[in-house]
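Hi,

Here is the model I promised to send over. Have a look, and my notes follow below.

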Amino acid sequence: MVRVRVAQQLILAAVLPVCGACSHVAAYQRGAIARPDMTTSDTAGPALQHATQVHEGATRSGAAAEAGCGCN
Amino acid sequence: MQLTPARFVGVLAAVVAMAPWRLTDARAAAGGLDVRASSEIAGYADSDHVAVFTPSVAGHVGNPTAGWAVDGAYLVDVISAASVDIVSTASPRWTEVRQAASARAAYKPGDLGASAEGSVSSEPDYVAYAGGGSVTQDLDDRNLTLVLGYGYGRDTIGRTGTPFSVYSHAFDHHALNAGLTRLLDRRTVVSIAADVTIESGDSSKPYRYIPLFSAQVAPSVPAGATVQEVSRLRLPDSVIERLPLSRDRIGVTARLARRLPHATTRLESTVYHDSWSLSAFSVDGRELFDLGQRGSLGPHLRYYVQSPVSFWKVGYVGTIDTVPAFRTGDRELGPLMSLTAGGWARWALGPPAAVDAWALIASFDATYTRFLDDLYITRRLSTLGAFTLEASW
């Protein structure tokens with residue numbers, strides 16, 4: 001447990017300097033953050049994700065990028 | 001009974017499709033469950049005579065208090081294509097069906113969590129399996145979240161009409177990702193993630209034939225040369241596509257979401273480079289304006305640009321005896337840029353006490369792609385429209 005806490009503190013110490021402008025947000029202050037549209041995940045639907053994978057060489061990999069490419 | 005990929009996706013589809021009813025009953029029994037289901041119907045068409053119809057379903061059940069969640073998704077792509085690449089080989093229009101399914105389970109009872117996921121995709125000439133997992137750690141009173149993940153996938157590439165046991169080649173990919181999400185203030189959250197993918201195996205397309213030109217003619221082959229021009233300039237022989245047997249990719253993505261008084265802004269940008277010397281940059285933005293309690297509406301813009309792979313040529317020099325070691329006609333490996341513009345609207349249909357119990361989402365995007373150094377076409381206009389119905393309990 002002590003090792004885990006030390007590791008957590010080390011990671012925190014390494015990451016926090018890159019976020020000097022951050023302010024601590026308490027749990028009760030997260031009403032806006034908790035909205036579903038505030039996610040930082042990819043919010044594109046499956047069809048748009050597929051089209052992007054097919055059309056962009058940087059994101060295409062595997063089966064999702066192969067189907068529907070219209071290639072020969 | 002043997003569990004084939006087709007049976008697997010069929011069973012998963014049935015489970016996901018029945019999820020709302022089964023899980024409503026389950027919630028009554030267990031209480032506290034977060035249950036969601038959605039179905040999307042999308043259609044794609046472009047100026048290169050490719051059309052895709054994509055119905056899909058997805059389901060989610062979880063207990064936020066206990067920290068567990070299970071997700072599943074299933075989709076079908078029905079593709080009809082008579083693109084210039086197909087016409088140039090004197091092949092007729094083809095239609096193909098792809099089925100894909102995925103499932104994910106996550107458990108995060110406290111600050112430390114883990115998830116596992118798997119997926120399968122099947123079409124007549126391409127089968128892919130993938131699996132992976134990730135570990136999540138919250139720090140600084142959940143103002144900072146770290147994630148570390150790994151995934152492995154194996155694809156089998158064959159030819160339509162030929163059993164995989166007679167002709168196929170395999171393609172493996174390992175993916176590592178690490179990222180962090182940070183609350184900047186009460187209304188802003190940012191995330192940064194790095195993805196490294198190591199691919200090995202032959203990903204060449206067995207259908208893709210590359211025209212060859214003499215050393216004197218090749219430099220004068222113009223970008224956008226028509227099928228007739230290529231037929232006139234090329235040598236009689238053509239060769240099949242051949243790609244390098246390994247590829248290492250790295251991409252770094254930054255995302256920002258900010259809540260304004262009556263709107264939400266989302267921005268995303270990615271830089272990418274791989275061992276084939278393809279470099280790329282993209283930026284994506286959405287603004288979602290509130291329309292009262294039930295609606296939201298907003299524009300979507302995306303810009304993407306990439307450089308070609310190191311072995312990219314508009315006209316390859318060679319003869320049947322001396323051919324380039326690597327050659328491709330995949331224009332998504334060539335230099336290109338694209339601009340997408342579209343919009344998105346959501347309307348909650350639920351009763352006043354739970355307006356989000358049902359919601360209808362409509363989206364439309366149009367993408368203009370400029371191919372900067374390719375045979376046959378120099379631009380493509382594509383459109384994609386989708387309707388999604390969401391339900392939650």
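**Strand pairing in chain B**

B:Pro299 has B:Gly343 as its bridge partner in S17(B). Those bridges belong to an antiparallel pairing of strand S15 (residues 295–306) of chain B with strand S17 (residues 336–348) of chain B, over 12 bridges. (Strands pair if DSSP finds at least two bridges between them; helices, H or I of at least four residues, and strands, E of at least two, are DSSP runs numbered from the N terminus.) S17(B) also pairs with strand S18 (residues 358–371) of chain B, again antiparallel, over 13 bridges. There, B:Leu339 stands opposite B:Tyr368 in S18(B).

Before you read on: this is a predicted model, with local features needing pLDDT of at least 70 and side-chain atom pairs pLDDT 80 or more, while totals for chains, interfaces and linings use all residues. Residues count from 1 along each chain as written, chains are lettered from A and ligands numbered from 1 in written order, and side-chain values use heavy atoms, without hydrogens and water.

**Chain A**

Chain A has 3 helices and 0 strands, running α-α-α from the N terminus. Of its 72 residues, 49% are buried (under 20% relative accessible area; exposed is over 50%, partly exposed in between; 1.4 Å probe, protein chains only). Chain A exposes about 3,700 Å², with carbon and sulfur atoms supplying 60% of that (Shrake-Rupley method, 1.4 Å probe; for residues, only the protein chains shown count as cover).

**One more residue**

B:Phe281 sits in strand S14 of chain B. B:Phe281 counts as partly exposed because its relative accessible area is 34%.

Cheers
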